[in-house]
Amino acid sequence: MKRKTGQDRSITSQWRPATQAVRGGTARSEYGETSEALFLTSGYCYDRAGDAAARFAGEQEGMTYSRLQNPTVEMLEQRIALLEGAEACRTMASGMAAMTAVLLCQLQAGDHLVGGRAAFGSCRWLTDTLLPKFGIATTVVDARDPQAFLDAVRPETKVFFFETPANPTMDVADLEAICAIARERGITTVVDNAFATPALQRPMDFGADVTAYSATKMMDGQGRVLAGAVCGTEDFITNTLLPFTRNTGPTLSAFNAWVVLKGLETLDLRIHRQSESALKVATFLEGRVPRVLCPALPSHPQHELAMRQMKAGGSIFALELDGGREQAHGLLDALELIDISNNIGDSRSLMTHPASTTHAGVAEDKRVEMGIGEGMLRLNVGLEDADDLIDDLDQALRVVGL
């Protein structure tokens, strides 16, 4: 496969993010296609038996099986690594495949993990249910307080795992402070950066060791496919993560990789436009509902920290109603433009009730601990006109007496 001239890391790493998002990692076949080629193949052929043996022994460059390598998937991995400012990236079949793999590949019985309290429901299931099954102890802390991480450290602590901003409470963690605590003690920091993406926040710039993504969200950006990604050093990806994924098989399909490649081309444009609209919508809602949790709003308790770490507040925020589940469901049912959906990152505006959807599998006492009440709603602001979204929310609020 002939690569386009200039596609070496010493050159592409100097490109600015908007250029990397369009051209980073591009590889062209002998046909010279402009769009990335889609390689729908499970395996590869060899000219000679010795070539097959050499590739499996790592003595010859080339691909052996699409569970391990695929040209389309490799292009996506290189592009995400460039955007993240990471040495390497490994993609996976979904965001939760990425979260599961990045933890299990480096933890074993007797180890200890410190995790953020506010997190996606399935991520809390990993820390609260799955890891303890394998003899891995976990401590959940309020990620807004770096001291809480320090206080939870044990001699056997191996990983700090947290989201910022967190789903759905929009808690913001101090990346620099938490990562410094980890680095001083030889602990690996794994940051779920799905809400911000590297277009708004690059955790490694603040000292994070590893970032993990549901690329299903903003990276695809149009609600089409599932995908996940993990970024880190070449050593971590090759020697820690890859042995786990090559033998367990959470493989990203070439088609899904191609779709996300197309999504990345417009990521910067979309996320900044959606962030602007989200702030406008959140400002409107702040005058109508008891509480709005949007990092871009000055009223957010960690607004200044969020704006130091992020280029914009993002497209997602939460709001709280006093009328509990009944009023929250009533508002959702009254929407005429915004869709009821538990997905995020879509170009369409979507709204959900976390307590009965994304976090329904979390015990009620833990939801309360996380800050997820029955009156909380999460809104993903899409690419529609912000005034149309405001009009829809206005009429729905009036239906429920607000």
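Visitor: Which residues form one aromatic cluster?

Guide: Phe149, Phe160 and Phe162. This is a predicted model, where local features need pLDDT of at least 70 and side-chain atom pairs count only at pLDDT 80 or more, while totals for chains, interfaces and linings use all residues. Residues are numbered from 1 along each chain as its sequence is written, and side-chain values use heavy atoms, with hydrogens and water left out.

Visitor: How many aromatic pairs does a search of the whole structure find?

Guide: Three. Take phenylalanine 149 and phenylalanine 160, whose ring centres lie 5.0 Å apart with planes at 55 degrees. Rings of Phe, Tyr and Trp (its six-membered ring) pair if their centres lie within 6.5 Å. Planes under 30 degrees apart are stacked, over 60 edge-to-face, and the rest tilted.

Visitor: What parts does the pair tie together?

Guide: Phenylalanine 149 sits in helix α7 (residues 146-152) and phenylalanine 160 in strand β4 (residues 157-163), so the pair links parts eleven residues apart in sequence. Helices (H or I, at least four residues) and strands (E, at least two) are DSSP runs, numbered from the N terminus. Both phenylalanine 149 and phenylalanine 160 are buried.

Visitor: Why is aspartate 51 called buried?

Guide: Buried means under 20% relative accessible area, exposed over 50%, partly exposed in between (1.4 Å probe, protein chains only). Aspartate 51 has 19%, so it counts as buried. It lies in helix α3. Aspartate 51 touches Tyr46 and Gln60, leaving out residues up to four places away in sequence. Contact here means heavy atoms within 4.5 Å.

Visitor: What makes α5 an enclosed helix?

Guide: Seven of its ten residues are buried, so α5 is largely enclosed by the rest of the structure. Among them are Met99, Val102 and Leu103.

Visitor: How do you know that α11 is largely enclosed?

Guide: By the count: eight of the eleven residues of α11 are buried, so the rest of the structure largely encloses this helix. The buried set includes Asn256, Val260 and Leu264. The buried residues of α11 pack against α2 (17-23), α4 and α12.

Visitor: Which members of the largest nonpolar core touch the most other members?

Guide: Leu76, Ile80, Met219, Val260 and Leu264, out of 35 residues. Elements that each supply at least two residues include α4 (71-84), β7 (228-232), α11 (254-264) and α12 (267-286). Helix α4 gives the most, with six residues. A second, separate core has 29 residues, including Leu285, Met351, Ile390 and Ala396.

Visitor: What makes a set of residues a nonpolar core?

Guide: Its members are buried Ala, Val, Leu, Ile, Met, Phe, Trp, Tyr and Cys residues, joined through side-chain atoms within 4.5 Å. Val260 shows the packing. Not counting residues up to four places away in sequence, it touches Leu76, Ala215, Met219, Asp220, Val225 and Ala227.

Visitor: What makes a space a pocket?

Guide: On a 1 Å grid over the protein atoms alone, a pocket is an open set of points with protein on both sides within 12 Å along at least five of seven lines. A cavity, by contrast, is a set of points where a 1.4 Å probe fits but cannot get out. Lining residues have an atom within 4 Å of a point.

Visitor: What is the volume of the largest pocket, and which residues line it?

Guide: About 1500 Å³. Its lining has 48 residues, with Gly62, Met63, Gln69, Glu74 and Gln78 nearest the centre. The largest share, seven residues, comes from α4.

Visitor: Which helix gives the most to the lining of the second largest pocket?

Guide: Helix α5 (residues 95-104), with three residues. That pocket has a volume of about 390 Å³. It is lined by 21 residues, and Phe120, Asn167, Ser214, Lys217 and Ile344 lie nearest its centre.

Key: Grid points are joined across faces, edges and corners, and a volume is the space filled by probe spheres set on the points.
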